[in-house]
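Subject: Handover of a structure and notes on its contents

Dear colleague,

Please find below the structure that I am passing on to you. My notes on it follow directly after.

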Amino acid sequence: MANTLRFLDPKILSKISGMDLRARTVVEGFIYGLHHSPYRGFSVEFAEYREYTAGDDIRHIDWKVFARSDRYYIKEFEEETNLSCHILLDTSASMGYKSNDISKLEYGSYLAASLGYLIFQQRDGVGLMTFDNEVRQFIPARNRRGHMLSIFRSLENIEPDSSTELSLPLHQIAETVNRKGLIIVISDLLDDPETVIRGLQHIRFRGHDLIVFHVLDSAELTFPFKNATKFVDMEGSSEMLTIPTMMRDKYMERMNAHIEKFKIGCGQLQADYHVLDTSKPLDFALFSYLTHRSRKG
Amino acid sequence: MPGFTLLNSLFLWGLTAAAVPVIIHLIKRNRAVKVNFAAIRFLQVEPDERYKSQRVKQLILLLMRVVALIILAFAFARPFFADKNTGAFWGEQSSAKVILIDNSYSMQRSDNFQKAVANAQDLLRTTNPRDRVAVMQFSGVSEVVGDVETNARGLANTLGNRLQVSARATNFQQAMQSAETVLLESPNSERMIYIISDFQKSGWESLNPYWRLTEGIGVNFIPVENENTINVGVVDVLVTRDERQSSRGTILARVQNFSEKKAKTAIHLFIKNKKMSLRNVNLEPGEEHTVKFSKVALRGVQVSGYVSAVCEDDELSPDNNFYFTLENSQKVKILAVNGEPNRDVVKDELFYLERAVNLPEIAKYSLEKTTPRKLKSYNFSDYRVILLANVKDIKRKTVERLKFYVRNGGGLILALGDQVNVNIYNSLLEELSPAVFNNRAFKKVQREEGVILAEMDYRHPVFRLFAESGQSDPGSVRFYQYIHVTPSQPEVVLASFDDGGAAILERKIGDGKVLLFTSSLDNEWNNMPVKSLYLPLFYQMIQYVAAESKGQKSYLVGNPVSLPGIIGSQIPVEKMTIKLPSGDEVKPESDFFEALNEPGIYELTAKNKSSYFAVNVDAKESNLTALSPNDLQAKAAELSSPDVQVASINGSELSGQIENRQKLWRFAILFAILLLVGETWLGNRTYR
């Protein structure tokens with residue numbers, strides 16, 4: 001398992017070329033690991049055989065059984081889903097921040113690709129929307145061959161740009177996606193919590209399930225800076241000269257309060273909310289997704 | 001800043017360390033790193049003021065570090081204020097000072113000399129910069145080792161290399177007179193002598209009781225600690241050849257325990273550096289013991305050797321060896337001047353002595369008689385002893401010749417009698433005689449009664465023989481008449497009669513000796529010629545004035561030696577070479593060789609003829625008994641000019657006083673520590 005989970009490490013993923021390969025590596029490694037995990041059985045599984053009746057799709061006839069028994073049997077699965085899932089990926093300039101090997105945007109991209117691949121494997125429809133202060137790209141949810149390729153390609157080409165204004169794209173997706181489904185938001189949520197939560201509320205109001213992945217760099221979570229530093233805002237031109245050791249406590253207090261607001265807000269909306277550290281493996285996010293799916297049946 | 005000075009100015013180099021924090025500050029000063037950051041919204045809005053305040057704190061920290069290092073460097077440099085207000089040792093006025101450091105050989109014990117040097121260095125380092133200070137080392141002679149007007153502390157640093165312990169004995173008066181001469185050359189009105197010594201009593205023996213320092217000069221004594229240490233020394237060695245077999249002899253060594261503890265001592269005899277014999281003695285505190293080595297082989301024309309006392313706990317070594325030399329025995333020629341010749345040989349003044357001395361069996365002495373009138377035709381240097389027997393009066397020229405003769409090692413025996421004119425003797429022999437002759441002081445007693453020899457110094461070579469059992473009893477001789485004399489010093493009396501009158505007296509002049517016998521040589525005034533005492537007593541007297549001055553040549557370290565006297569003839573000095581005990585060879589510059597700086601056997605070579613002579617340390621220095629602090633203070637007050645205040649302090653007190661005067665460094669260290677504690681406190685509250 002350790003060898004498999006190694007591929008969930010963002011640093012290793014960043015060395016693999018091609019978003020599809022990354023996503024497959026993550027998901028297959030993750031699934032392999034699940035055989036030894038308590039989450040076994042949540043995937044789409046074979047249920048039973050049923051004798052063929054007129055009107056059934058002949059594609060579902062199990063020809064191997066026919067060869068042995070000379071009778072037609074239909075292979076039935078436990079569940080056929082028609083879930084449509086939209087992954088919303090924040091591509092604002094702040095997502096470009098990285099204190100180690102990969103940026104928040106890269107981490108978000110891997111996560112989006114991995115989740116999309118996992119969902120696609122479960123025969124659910126997957127869509128992607130990238131945004132900063134407005135929607136930059138929108139790929140509606142589908143479950144057909146070639147759809148994942150376009151999502152992967154789109155994820156490979158994104159660049160961080162502009163400032164974040166989450167509420168607007170959230171409202172847009174709420175208005176755009178009519179069919180109830182699952183909305184996964186991947187963002188650093190560096191915006192006013194109240195306006196963001198209002199956007200999330202709009203999505204929930206439209207009947208969508210909601211998972212929020214709050215992606216933060218480890219430096220943002222721990223603020224490890226020591227020497228005098230001039231901080232430059234990545235989404236603006238403001239600069240701030242300060243002594244980090246002096247500011248750390250206040251920073252941590254504010255960051256924790258910010259996270260706490262989202263945690264409470266998402267809790268009130270019955271949305272899943274997870275803070276992700278870009279230095280940590282991606283499995284936690286995948287577990288979160290599968291837990292959510294199992295809970296929703 | 002009046003009188004502000006530093007004890008160890010070299011530590012000021014430590015000030016360069018103050019540059020270290022500045023350099024570190026400049027190298028590692030915080031240049032703000034530019035960082036693109038996403039969550040800038042969570043940083044405080046008013047960072048600049050805080051940042052600036054931190055910068056100020058950092059500068060304060062830097063300042064504290066620099067100041068702490070500067071103060072530490074100053075503290076180690078031992079600053080002090082050399083003025084009255086801060087308790088300066090030297091006072092506020094500039095003055096002239098001489099620091100006298102005792103370098104006699106007694107200072108070798110323990111680490112007394114090092115302590116003395118340290119005390120002198122302390123004095124120099126704390127001196128008022130305006131003072132004129134001279135440093136001298138002294139023992140038998142005084143020597144200026146440093147004379148400074150400005151850089152006393154520089155002299156202090158090099159003082160250890162300039163000073164050296166000598167093998168001489170202490171002479172305080174000579175030292176103080178030398179210091180006085182130096183001080184009188186100084187224009188300063190305030191003059192002080194500081195003497196650092198172990199202050200042995202023996203060093204004061206030569207002090208003239210009426211001598212005082214010149215007006216305006218004071219003396220201050222700084223004694224080094226005097227611990228009760230064991231010291232055993234060989235104080236004298238007497239070598240005599242056997243009368244009948246001159247290749248053998250007897251060696252008597254006087255060994256003394258100068259300490260207050262018992263001393264188990266091994267006495268070794270070395271002849272020509274070969275160990276010949278060993279005696280073990282247990283010496284009680286203060287005991288003097290005579291060790292006898294009999295039938296010692298004394299082969300060769302000239303014999304040299306030494307007696308060594310080895311005691312395990314002995315801390316003073318220079319007096320442990322006593323060196324001696326002995327020339328081949330030759331007949332001792334005696335010139336006897338007969339003051340009362342008589343045709344009746346029995347009544348002749350020298351009748352008994354001539355027969356006693358010219359014994360054919362012994363053939364040790366050769367007595368030649370003459371009269372006072374014929375005396376001028378004799379060359380005194382051909383004789384080793386001149387004896388004046390009941391001579392009425394002496395010519396002035398003869399007296400002058402006699403003085404020269406004695407000073408150069410000759411032996412003179414004055415025997416009195418009814419012919420002696422005491423007035424002439426008093427006027428002419430003042431510089432030769434050990435006593436003053438009382439006018440018409442013929443002491444006459446009843447023949448039946450008489451007086452006897454009652455008190456004798458049995459430690460003296462003349463009488464040492466009689467201390468042994470079986471020897472002639474001096475008490476058997478009756479003296480009916482003698483000339484009453486007044487000794488110049490009590491010590492010169494070697495024997496006295498039971499009525500208190502002096503019988504035999506001694507005076508040492510230059511290399512020679514004079515013995516005065518206050519009675520007659522014949523039986524006119526005593527019955528000695530017919531007693532067994534007569535022959536050994538006069539043998540001992542003759543041998544004493546003759547043998548030690550000629551056969552056994554022994555000198556003290558530091559005393560000049562007459563080279564013609566050693567070699568026995570007048571040879572130009574440029575043809576002489578002296579080989580020192582260390583093996584070095586020197587060419588003497590005059591007939592008097594003064595560089596007897598080390599004890600041992602010296603070899604004088606001239607015209608292929610070698611003579612040996614022994615040089616020993618002065619045994620009086622072996623007695624380590626010191627003056628008490630009270631006596632010292634009293635003596636300082638006594639010797640100093642009445643207008644000068646003196647206060648005797650010992651070495652440890654001096655260190656304490658100097659330490660007290662340098663308290664400033666303690667405060668500096670304390671302040672530096674406080675600064676560093678403050679720096680730590682502030683540093684923990686300063687963000688980088």
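How many salt bridges are there between chain B and chain A? The count between these two chains is zero. Please bear in mind throughout that this is a predicted model.

**The interface between the chains**

Although salt bridges between chain B and chain A number zero, the two chains do touch: 22 residues of chain B are in contact with 32 residues of chain A. About 2800 Å² of area is buried between them, and carbon and sulfur atoms give 70% of that area. Four residue pairs are in polar contact between chain B and chain A, both residues of each pair being at pLDDT 80 or more. On the side of chain B that touches chain A, the elements giving two or more residues are β2 (33–37) and α2 (47–76) of chain B. Sorted by class, this side of chain B has twelve nonpolar, four polar and six charged residues.

Strand β2 of chain B also takes part in strand pairing with chain A. Its partner is strand β8 (residues 229–233) of chain A; the two pair in the parallel sense, over five bridges. Within this pairing, A:T229 stands opposite B:V33.

**Strand pairing within chain A**

Chain A also holds a pairing of its own. Strand β4 (residues 125–131) and strand β5 (residues 135–142) of chain A pair in the antiparallel sense over five bridges. A hairpin of three residues joins β4(A) to β5(A). A:T130 has A:Q137 as its bridge partner in β5(A).

**The loop between β3 and α5 of chain A**

Two serines of this loop deserve a note. A:S99 lies between β3 (84–90) and α5 (104–121) of chain A, and A:S103 lies in the loop between β3 and α5 as well.

Are they buried or exposed? A:S103 has 8% relative accessibility and therefore counts as buried. A:S99, in turn, counts as partly exposed because its relative accessibility is 38%.

Their contacts, leaving aside residues up to four places away in sequence, are as follows:

- A:S99 touches A:D217, A:S218 and A:A219.
- A:S103 touches A:M95, A:G96, A:Y97, A:K98 and A:T278.

The side chain of A:S99 also makes a polar contact with the side chain of A:D217, at 2.3 Å. A:T278, which A:S103 touches, is 179 residues from A:S99 in sequence, yet the C-alpha atoms of A:S99 and A:T278 are 9.4 Å apart in space.

**Salt bridges**

Side chains of opposite charge can pair when their charged atoms come close. Over all chains, the count comes to 19 salt bridges. Three of them are described here.

What does A:K104 form with A:E220? These two residues form a salt bridge, with the closest N and O atoms 2.7 Å apart. A:K104 lies in helix α5 of chain A and A:E220 in helix α9 (residues 218–222) of chain A, so the pair ties together parts that are 116 residues apart in sequence. Both A:K104 and A:E220 are buried.

A further salt bridge in chain A brings together the side chains of A:R204 and A:D209, at 3.6 Å from N to O. Of this pair, A:D209 is partly exposed, having a relative accessible area of 21%.

In chain B, the side chains of B:R254 and B:D236 meet in a salt bridge of 3.6 Å, N to O. This pair links distant parts of the chain, with B:R254 in strand β10 (residues 248–257) and B:D236 in strand β9 (residues 232–241) of chain B, 18 residues apart. B:R254 and B:D236 are both buried. Which residues belong to the network that includes this pair? Salt bridges that share partners join B:D236, B:R254, B:E288, B:D457 and B:R459 into one network.

**Chain B as a whole**

Chain B has 688 residues, of which 53% count as buried. Its secondary structure comes to 14 helices and 32 strands. Among contacts in chain B between residues at least 6 apart in sequence, 75% join residues at least 24 apart.

With kind regards

Conventions:
Residues numbered from 1 in each chain as written. Chains lettered and ligands numbered in written order. Heavy atoms only, no water. Contact = heavy atoms within 4.5 Å. Buried area = accessible area lost by both parts, 1.4 Å probe. Salt bridge = Lys/Arg side-chain N within 4 Å of Asp/Glu carboxyl O. Polar contact = N/O pair within 3.5 Å; in protein donor to acceptor, adjacent residues only side chain to side chain. Helix = DSSP H or I, 4+ residues; strand = E, 2+ residues; numbered from the N terminus. Nonpolar A, V, L, I, M, F, W, Y, C, P; charged D, E, K, R; others polar. Pairing = 2+ DSSP bridges. Buried < 20%, exposed > 50% of the residue type's maximum accessible area, 1.4 Å probe, protein only.
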